[in-house]
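Here is a quick walk through one protein model for someone who has not seen it before. Have the sequence and the 3D view open as you read.

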Amino acid sequence: MKPTLLILAAGIGSRYGGIKQLDQFGPNGETIIDYSLYDAIRSGFGKVVFIVREEIKDSAEAIFAPKLKGKIDFDFAIQGVQSYVPEDLGTVDRVKPWGTGHATLCAWPKTETPFAVINADDFYGHDAFATMAEFLTNDTNDKQHAMIGYELKRTLSENGTVSRGICVERADHNLESVVERTKIFEEDGKIYFEENDIKTELAPETPVSMNFWGFKPGMFPITKDLFETYARENINTPKAEFYIPTVMTHIIKNGMGDCRVFRIASDWFGVTYPEDKPTVQASLSALHETGVYPEKLW
């Protein structure tokens, strides 16, 4: 069966100041998701699942359903703050979604094949989708997962700090570890992350996860067990987030599987701050003008 693409589109976008998943960036009003969809279809994905909050589902469906009808199967999964929270914990007092690992779990009922997971507000490029689609289609080891790795220097924002999954790769090109660093920035020509008021320098070529993962379906029950434990431990922490790297680290360290790192040399770009929008718009326009994408995607 063809692989499925899960799109993480339930974030609130507090730093961006709006629903950036649905904002227009392309020369014809395209969202960033439009480019991911276009690349996924031509790379051989067979289904798309949008993971959204209940309050934006209708808007997302109105935008994307007419474009996808007849081209690829699609569905919507709701990430609610109560989803997969153990019943004995009662009602959760939080507004912010539980994070990317939890969002992925919410798509379990809609996902029957090997699948990829991406952010809605990141542009990954065709090579990333083609590489992942080939892996998910042809690799039959149900314990072998994968990720797309980008060079850190290609993923920064000029407008503020960014969060990245910092990766350590083994000699066999499988992932040894990935740690989410939530405050990365460039200063005086060098790249640092800051934690507890301590700055640590990072090499520009350090491979980072931009949340483009490839999983076999056996990942879901592992994620469910981990999230239930996480929810119990963080039920009174309204900003706590359960990340995909937490799941992958658990799988690796407990001998439950491996994660192949596919390094991509192309540039990544995305939107974290409102000031990022003009840069993204210019980059997308250039890709149309040079023929990487047609004049109109749909």
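Let's start with Asp 188, which is exposed, with a relative accessible area of 76%. (Buried means under 20% relative accessible area, exposed over 50%, and partly exposed in between, using a 1.4 Å probe and protein chains only.) This is a predicted model, in which local features need pLDDT of at least 70 and side-chain atom pairs count only at pLDDT 80 or more, while totals for chains, interfaces and linings use all residues. Residues are numbered from 1 along each chain as its sequence is written, and side-chain values use heavy atoms, with hydrogens and water left out.

Asp 188 sits in the loop between strand S8 (175–187) and strand S9 (190–195). (Helices, H or I with at least four residues, and strands, E with at least two, are DSSP runs numbered from the N terminus.) Its phi is near 55°, a positive value in a residue other than glycine. Most residues other than glycine have a negative phi. Asn 211 is not a glycine either, and has a positive phi of about 65°. Asn 211 belongs to strand S11 (residues 207–215) and is buried, with a relative accessible area of 11%.

## Rings and charges

How many aromatic pairs does a search of the whole structure find? There are 24 aromatic pairs. (Rings of Phe, Tyr and Trp, the last by its six-membered ring, pair if their centres lie within 6.5 Å; planes under 30 degrees apart count as stacked, over 60 as edge-to-face and the rest as tilted.) Tyr 124 and Tyr 150 make a tilted pair, 6.3 Å centre to centre with 45° between the planes. Tyr 124 lies in the loop between strand S5 (122–123) and helix H4 (126–138) and Tyr 150 in strand S6 (residues 144–151), so the pair ties together parts 26 residues apart in sequence. Tyr 124 and Tyr 150 are both buried. Elsewhere, ring pairs link Tyr 35, Tyr 38, Phe 123, Phe 269, Tyr 293 and Trp 298 into a cluster.

| Charged residue | Ring | Distance from ring centre |
|---|---|---|
| Arg 94 | Trp 98 | 4.0 Å |
| Lys 277 | Phe 25 | 5.5 Å |

## A pocket

The second largest pocket has a volume of about 400 Å³. (On a 1 Å grid over the protein atoms alone, a pocket is an open set of points with protein on both sides within 12 Å along at least five of seven lines, and lining residues have an atom within 4 Å of a point.) (The volume is the space filled by probe spheres set on the points, which are joined across faces, edges and corners.) Its lining has 18 residues, with Leu 156, Ser 157, Glu 158, Phe 269 and Thr 279 nearest the centre. Strand S13 (269–270) and helix H7 (277–289) are the elements that give two or more residues to this lining, and H7 supplies the largest share, three residues.

## Cysteines

The model has zero disulfides, a disulfide being a pair of cysteine sulfur atoms within 2.5 Å. Cys 167 is in no disulfide, and the nearest cysteine sulfur, that of Cys 259, is 7.9 Å away. Cys 167 is buried at 5% relative accessibility, and Cys 259 is buried at 0%.

Note on methods: 1 Å grid on protein atoms, 1.4 Å probe; cavity = no way out; pocket = protein on both sides within 12 Å on 5 of 7 lines; lining within 4 Å. Lys NZ or Arg CZ within 6 Å of the ring centre and 35° of its normal.
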